[in-house]
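Subject: Structure handover

Hello,

Here is the structure I promised to pass on. My notes follow below it.

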Amino acid sequence: MRLLVTGGAGFIGANFVHQSIADHPNVTVTVLDSLTYAGNRASLDTVADKIDFVHGDIADMDLVDELVSGVDAVVHFAAESHNDNSIADPWPFVQTNIVGTFSLLQAVRRHDVRYHHVSTDEVYGDLELDDPDRFTESTPYNPSSPYSATKASSDMLVRAWTRSFGVRATLSNCSNNYGPYQHVEKFIPRQITNLIDGVRPKLYGEGRNVRDWIHVDDHNRAVWAILERGRIGQTYLIGADGELDNRTVVEQILEAFGRDKSDFDFVTDRPGHDMRYAIDSSLLRNELGWTPQFGDFGAGLAATVQWYRDNEQWWRPKKDATEQAYVAQGESAV
C-alpha cells in the first residue's frame, strides 16, 4: 500500500507514521505537512530515511492532486486543533479544517483513492457530568468552539462527498489523546513541562471538566483497523473508557513527580468550556475487533511523563513561545 499521511509531523500523525513503519513493513509512507507551529519535523527523525516528506499545505489543490494521484490511500490527520487558539483567531481553522479537507476530497474523488478522515469527539458538544449517556455514532452534532465547528464542517463534507460522488471514505471521531510528541500547549504535556520547569500546574474553573483519555498508540491501531476493514461511509467512535476529570489528571501528574497532589492553582475558566466528553466505542470493538492495549491510564501517564523528561531537546524549543502566547492572550492555564 502506498499511503499519504497528512499532518504526519503533528502529534497523532507522527505517532501513526512511527506505528505504520514498525507494524506494516509493506506500506510506503509519504507525509504532507505544512510545519506550522504544531508540526515538528524532528518528530520523524528516527524514520526520516524510511518515508518521503513533503513540506506543503493541504489547501494547495495542485500539490494535493499530484500527491494523491500516486497513492492508494490517504489518512487525513492535518488540522488546527487548539480551542483557545480558535477563539483568539478562527480563520486558520476555517482554512485548514474546511478548505483543506475540501482539497483532499476533490483529489481522492478525481483519482478514486481510499480516504480515512480523522476527527474529534468535540463535534458532539458536551454532556452533563451526571448524564449516564455517552457519545455514539448517531449523537447529533453540537460544536461549542470555532475549532469543533470547523471539524464538524469537515466531517459533513466527507459524508456529502461519499454520498454524492462515491468517494471511498470512512470517518473516526476520537476522544482526547495523550502520549509522546504532543505539543506543549496541550493539557497533559503543558502540565508536565511546567513541573519540569518548577512551575505549579493551573486548572481552569474547578477542574471538574471530564475528558475521555486514550493513548495515541491505541487511537492509531484503531485507525489502521478502520482503514483495512471498515465499511465505506461508516463513522466509528474511538475511545478507551478513560473518563477522568482534569483535577484527577493533574493530581496523577503531580504524584508522578513526587509532589503533593494539592500543589496546583485554580484560574478563571475559559469561554464555552465543555464539561464532559464520553465515547461509546462499541461499534468499533464489536465490528472490527479493536480493543485498547493501554488499559491503565496511570501507567500510560507515567510513561508519558518519563518521555518528556527524556526528550527535553524535542519540546524545549517550543516551550517559551507557547507560554508567551498564553500571556499575550491573557491566559495562564490550559
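Buried here means under 20% relative accessible area, exposed means over 50%, and partly exposed lies in between, with a 1.4 Å probe and protein chains only.

Some ground rules. This is a predicted model, so local features need pLDDT of at least 70 and side-chain atom pairs count only at pLDDT 80 or more, while totals for chains, interfaces and linings use all residues. Residues are numbered from 1 along each chain as its sequence is written, and side-chain values use heavy atoms, with hydrogens and water left out.

Annotation

UniProt lists residues 4–294 as "domain: NAD(P)-binding", in an unreviewed entry. The UniProt positions are in the numbering used here, the feature names are shortened, and annotations may be inferred rather than shown by experiment. In the model, the end C-alpha atoms of residues 4–294 lie 27 Å apart. The span is 38% helix and 18% strand. Helices (H or I, at least four residues) and strands (E, at least two) are DSSP runs, numbered from the N terminus.

Aromatic pairs

The structure holds 16 aromatic pairs. The rings of Tyr181 and Trp314 have centres 5.8 Å apart and planes at 80 degrees, so this pair is edge-to-face. Tyr181 lies in the loop between strand E7 (176–178) and helix H6 (187–196), and Trp314 in helix H11 (residues 312–328), so the pair ties together parts that are 133 residues apart in sequence. Tyr181 is buried, at a relative accessible area of 17%. Trp314 is buried too, at 11%.

Back to Trp213 and Phe297. Their ring centres are 6.4 Å apart and their planes are at 35 degrees, so the pair is tilted. Trp213 is in strand E9 (residues 210–215) and Phe297 in helix H10 (residues 297–310), so the pair ties together parts that are 84 residues apart in sequence.

The cut-offs: rings of Phe, Tyr and Trp (its six-membered ring) pair if their centres lie within 6.5 Å; planes under 30 degrees apart count as stacked, over 60 as edge-to-face and the rest as tilted.

Ring pairs also link Tyr124, Phe135, Tyr141 and Tyr277 into a cluster. Tyr124 is found in the loop between E5 and H5. Tyr124 is buried, with a relative accessible area of 3%. The C-alpha atoms of Tyr124 and Ser148 are separated by 8.4 Å, with the two residues 24 apart along the chain.

Charges over rings

Arg109 lies over the face of Phe165, at 3.6 Å from the ring centre. Arg190 lies over the face of Tyr326, at 3.8 Å from the ring centre. The test is NZ of Lys or CZ of Arg within 6 Å of the ring centre and within 35 degrees of the ring normal.

Cavity

The structure holds 1 cavity of 30 Å³ or more. About 50 Å³ of space lies in the largest cavity. A cavity is a set of points, on a 1 Å grid over the protein atoms alone, where a 1.4 Å probe fits but cannot get out; lining residues have an atom within 4 Å of a point. Grid points are joined across faces, edges and corners, and the volume is the space filled by probe spheres set on the points.

The lining includes Asn83, Glu122, Ser148, Arg270 and Tyr277. By class, the lining has 3 nonpolar, 5 polar and 3 charged residues. Ala, Val, Leu, Ile, Met, Phe, Trp, Tyr, Cys and Pro count as nonpolar, Asp, Glu, Lys and Arg as charged, and the others, Gly among them, as polar.

Backbone

Most residues other than glycine have a negative phi. Asp112 has a positive phi of about 55 degrees although it is not a glycine. Asp112 lies in the loop between helix H4 (91–111) and E5. Phi of Tyr181 is also positive, near 70 degrees.

Other residues

Lys319 is found in helix H11. Lys319 counts as buried, at 2% relative accessibility. Lys319 and His183 are 136 residues apart in sequence and 8.9 Å apart in space, C-alpha to C-alpha.

His18 is found in helix H1 (residues 11–23). His18 is buried, with a relative accessible area of 19%.

Thr136 lies in the loop between strand E5 (114–120) and helix H5 (146–165). Thr136 is partly exposed, at 22%.

Best wishes

Note on methods: On a 1 Å grid over the protein atoms alone, a cavity is a set of points where a 1.4 Å probe fits but cannot get out, and a pocket is an open set with protein on both sides within 12 Å along at least five of seven lines; lining residues have an atom within 4 Å of a point.
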